[in-house]
Amino acid sequence: MLVNNFLLLGALLFCIGVYGVIVRKNAVLVLMSIELILNSVNINLLAFDRLWADSGNNDGNVFALYIIAVAAAEVGVGLAMVLLIFRNRKTISLDDLSEMKG
Amino acid sequence: MIAFSSPIVDYHALAPELVLAAGLCLVLLVDLFVPDHRRWITGTISGFVLLGALLPIVTLAVWGDDVRDAIGGPGISGRYVVDNFALVLKALFLLAGYVVVLLSTHEMDEKSGYQGEYYVLLLSSVLGMVMMASSRDLISVFVALEFLSIPAYMMAAWKKRDRKSNEAGVKYYLLGVFASAVMLYGMSLLYGIAGSTQLTEIGKAVTLDGDKVGIQVLGVVFVIVGFAFKVSAVPFHTWAPDTYEGAPTPVTAFLSVASKAAGFVGLMIMVYLAFPLARDVYRPFMWVLAALTMTIGNLVALKQKNLVRMLAYSSVSQGGFILMALAMAYTNGSEESSLRAVIVYLIIYAATNLGAFAVIIAVARRTRSAEIASYGGLFTYAPGLTVMMTIFLASLAGIPPLGGWYAKFGAFRAAVDAGGGWGYSIAIIGAANAVVATAYYITVMREMWMKPVPENADTSSVKVPASLQAALAICGVATLAFGVVPGIIAKVGAITDLTGAFGG
């Protein structure tokens, strides 16, 4: 298998994720899009780790493990915050978050 | 396959991190067992923990070797290093954290509750910053960045029932997480080029040469974009003013000083260690970021009516001056003067800005407002605070006898040392901006000294609690001393040497 196939999949997921973050107005969908980006990074790292299999280190695999763990922590905080704004405003639309401007 | 051999841990070098981690657990436990009305004790313990973590830094500076591998062993050496650069910045983060604890004690005790949790998050964020200063590897840079950011997201949204604070937290969170995701994508490409996450290895591989130039450029740009969000460089600054206005004021002080400094430290480590040969990519990119950041930050700050929001934009534009120095790294041998300029700027800016926020907190205890108009006639009933605020604002503007001028001087010198079209042009843009910035700092001074007191304002003298007085004293002395005797800070700047940078 060529490493290119994995990198293309990674790039595609990355683009879908960035598109989702920019276009979606629902906080939970934005969180999901960010997860897509993080997973595209993981695919990249694992593919590159195979590419450098004879380099004598496992940096790519280790990096991917760290990203998975940290992403879980991030989403935990993110969902708590979405819950917070839902309690105070009864909506999770990001367009309504415009109390401060200028 | 490498056979497993356990890493060699240098506990002396890791002591600041260990003290912080132990102290964090201690605060968490104490919070469980003390009754509500004595929760303030968690703040006191946090202060001692931060000062306690400073002790090993002093012993390391005095007795330690110049460069120590905190965690060594085959395949691990050189990825987490304690050198003079790391020690100076760790001391800065710990002291800034200590001043923020001083600023927080009364705010937290009187208003929001959840004190124990607040200090635990504050300490873990400081721990992340302390780790950032030692990281010399993509993985540890990433973990340190998340370690310092995730608690900060929660601290920004601290006032649970306050809609503005919620909004501040959510905006900071979404943009921060998005930025770190984009940065990670860049990091995965850098790893793909070098085959190692160690920054010095990446530095050798990112040469902008050969058949992988496209992927190298993409990697460098994405990493810089990620950090540009963290240091609120225009056009990635949109979260900063809203977050600074909505968050509790001590948290704003923390974000605008410590969190921003940590972002710059990460960016410095990347530029000096991982991109030394990629100058043709990062220099134009950061030149544009610096020019935009200074100019737009200043122009928007001019029309602000709220002092916290004005300081938010002022901190955006101050970041532009630091970027100016950093953009000139590795241009005509100016790398050392630009490294020193950035460190000196970060230290002086931290002292000055924390002081300005201390005054804002002290005044807001009386006026319950951060509108610039509510500062009218402050001199008549709070002369001490007025003088302090004038010192801090003048230092931010860079007026000579105060610390700020020396910081700006260093940044301009780095740009002029680099010379050529890039260096001189950014220095001219910076000089114009320094003049514009003075205008809005002077507006606030005029309000305090010359304008009448607003009607119905309470003009009995303002009581400043002891912890705020201590914070004001620390920041005021530092601001004055660095300006009057810049030799102190120049010395600190001169001993910093980034291991692995400058081809060493």
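# Two chains in a predicted model

## Chain A

Chain A holds 3 helices and 0 strands, and reading along the sequence gives the pattern α-α-α. The C-alpha trace of chain A spans about 55 × 25 × 25 Å along its principal axes. A compact globule of 102 residues would have a radius of gyration near 13 Å, whereas the value for chain A is 17 Å. Of the 102 residues of this chain, 33% count as buried.

A:Lys90 lies in the segment after α3 (59-89) of chain A, and its phi is near 60 degrees, a positive value in a residue other than glycine. Most residues other than glycine have a negative phi. A:Lys90 counts as exposed, because it has 8 C-beta neighbours inside 10 Å and the cut-off for an exposed residue is 12 or fewer.

## Chain B

Chain B contains 19 helices and 4 strands. The radius of gyration of chain B is 22 Å, close to the 23 Å that the globule rule gives for 504 residues, so chain B is as compact as a globular protein of that length. Its C-alpha trace spans about 75 × 60 × 45 Å along the principal axes, and 62% of the 504 residues count as buried. Among the contacts in chain B between residues at least 6 apart in sequence, 80% join residues at least 24 apart.

The table sets out the overall values of each chain.

| Chain | Residues buried | Span of the C-alpha trace |
|---|---|---|
| Chain A | 33% of 102 residues | about 55 × 25 × 25 Å |
| Chain B | 62% of 504 residues | about 75 × 60 × 45 Å |

## Two helix pairs in chain B

Helix α16 (residues 403-418) and helix α17 (residues 420-449) of chain B pack at an angle of about 155 degrees, with their axes 6 Å apart. The two helices α16(B) and α17(B) are therefore roughly antiparallel to each other, a description used for angles over 145 degrees. The crossing in which α16(B) passes α17(B) is left-handed. On the side of α16(B) the residues in contact are B:Lys408, B:Phe412, B:Ala415, B:Val416 and B:Ala418, and they meet residues of α17(B) that include B:Trp422, B:Ile426 and B:Ala434. By class, the residues of this contact divide into 8 nonpolar, 3 polar and 1 charged.

Helix α17 of chain B is also the place of B:Thr443, which is partly exposed, with 15 other C-beta atoms within 10 Å. B:Thr443 and B:Leu302 stand 141 residues apart in sequence, yet their C-alpha atoms are 9.1 Å apart in space.

A second pair is formed by helix α10 (residues 249-274) and helix α12 (residues 307-327) of chain B, whose axes come within 12 Å and cross at roughly 15 degrees. The helices α10(B) and α12(B) are therefore roughly parallel to each other, as angles under 35 degrees are described, and α10(B) passes α12(B) in a right-handed crossing. Among the residues of α10(B) in this contact are B:Thr249, B:Lys260, B:Phe264 and B:Leu267, while α12(B) contributes residues including B:Val308, B:Ser315 and B:Ile322. The contact of α10(B) with α12(B) has 8 nonpolar, 5 polar and 1 charged residues.

## Backbone details in chain B

B:Arg368 is not a glycine, although it has a positive phi of about 60 degrees. This residue is located in the loop between α13 (335-367) and α14 (378-381) of chain B, and B:Arg368 is exposed, with 8 other C-beta atoms within 10 Å.

Most peptide bonds are trans. The peptide bond from B:Val234 to B:Pro235, however, is cis, with omega near 5 degrees, and B:Pro235 is found in the loop between α8 (213-230) and α9 of chain B.

## Where the chains meet

The contact between the chains takes 36 residues from chain B and 35 residues from chain A. On the side of chain B that touches chain A, the elements giving two or more residues are α5 (138-156), α6 (163-194) and α9 (239-246). The largest share of that side, 17 residues, comes from α6(B). By class, the side of chain B that touches chain A has 18 nonpolar, 9 polar and 9 charged residues.

Notes:
Residues numbered from 1 in each chain as written. Chains lettered and ligands numbered in written order. Predicted model: local features only at pLDDT ≥ 70, side-chain atom pairs only at ≥ 80, totals over all residues. Axes fitted to C-alpha atoms, helices over the stretch in contact; angles between N-to-C directions. Parallel < 35°, antiparallel > 145°, perpendicular 65-115°, else oblique. Left-handed = near helix turned anticlockwise from the far one by under 90°. Contact = placed C-beta atoms within 7 Å. Nonpolar A, V, L, I, M, F, W, Y, C, P; charged D, E, K, R; others polar. Rg over C-alpha atoms; globule rule 2.2 N^0.38 Å. Buried ≥ 20, exposed ≤ 12 C-beta atoms within 10 Å, placed from the backbone.
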